[in-house]
Amino acid sequence: MSFIIATGTVLYSIATPSLVVTMIKKENFMLTNRGLEVSRSIAFTLGPSVGGFLASWFSGVLSFLLSLILSVSSIYFMIGLPKEKDKLINDDGVIIKLLEGMRFITSNKYLKPIVVTSIIFNTSWFLLLSIFSFYAINNLNFSPSEVGMALGVYGFGMICGAYIYPRLAKNFNFGSQVTFGPLCAFVASILMLTTCFTNNRIFIFIAFFMFGSGPIIWTISTTTLRQIITPNNLLSRVSSVILTVTFGARPLGAALGAYLSASFGVKSCLIAVFTGFLVQLIVILFTSPARIKDIELLEENKLSL
């Protein structure tokens, strides 16, 4: 069941950016992506809370029943989407299609650093998640409920980041919007590392808020950039490659966390997390995405990309 759910999630994540391109005008890409991320953030925050409440106070069966009802409802709404026009089917194999997407990414001066940044970010983020509960409970004397609260603050940060994005977009150029997420993650990693020396628990909550709010702005801005500069016939392939490499970095981060904590102690993981988020910030700061002034100019010069 978990395999089926994960597979469906990946397929949805690949199809959504392509569907937005076919249904929404280019000038509304950013607003649409923001709306999608707001809904995703709310679901990420409310889902575990409602499920935990139902399981604790009533029955776990109610949690599964509500999940089933929501899933069926989502199918109903998806069926209501307008049908795409029939297209000629390309008989190229999956590997060939993925290689086409990979070639486009590696030859594009905007997408390549974004993908590299995402890989480093996901590796560092899941390294942190793999040891956080143990570190918080054993080193900072967190209770299990406080660990859950910290993770809940992460979801709240996602919602806040999605809501403040229009104001950020209005006052900062696009390159600054792209770098905002990696910068927030780096500052949050500093706060995490500081707890090794100060045991200041409030830093944990601030850090998780920043881990939520900054990267959601990164997701909105980089998704919009991908939709603008990628030809429509390659968008699904490019999205597939990006999901493959970024999701593939997650078990790598978790495995690295297990190795470092077992070999050098849990605090060494926080040093590695700090190093990873420093590297991802450097990568994005000194590459082309950070120098974009206005994303609308990219559309005008699309052929030169």
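## Arg201 and its salt bridge

Arg201 counts as partly exposed because its relative accessibility is 29%, where buried means under 20% relative accessible area, exposed over 50% and partly exposed in between, with a 1.4 Å probe and protein chains only. The side chain of Arg201 meets that of Glu146 in a salt bridge of 2.6 Å, N to O, the term standing for a side-chain nitrogen of Lys or Arg within 4 Å of a carboxyl oxygen of Asp or Glu. Arg201 lies in the loop between α7 (174-198) and α8 (202-229) and Glu146 in helix α6, so the pair ties together parts that are 55 residues apart in sequence.

The model is predicted, with local features needing pLDDT of at least 70 and side-chain atom pairs counting only at pLDDT 80 or more, while totals for chains, interfaces and linings use all residues. Residues are numbered from 1 along each chain as its sequence is written, and side-chain values use heavy atoms, leaving out hydrogens and water.

## A second salt bridge

By this rule there are two salt bridges, and in one of them Arg237 pairs with Glu100, the closest N and O atoms being 2.0 Å apart. Arg237 is buried, with a relative accessible area of 16%.

## Thr123 in helix α5

Thr123 belongs to helix α5 (residues 111-139), helices being DSSP runs of H or I with at least four residues, numbered from the N terminus. Thr123 is buried, its relative accessible area being 13%, and, leaving aside neighbours within four places in sequence, Thr123 is in contact (heavy atoms within 4.5 Å) with Ala249, Leu252 and Gly253.

Terms used. Helices (H or I, at least four residues) and strands (E, at least two) are DSSP runs, numbered from the N terminus.
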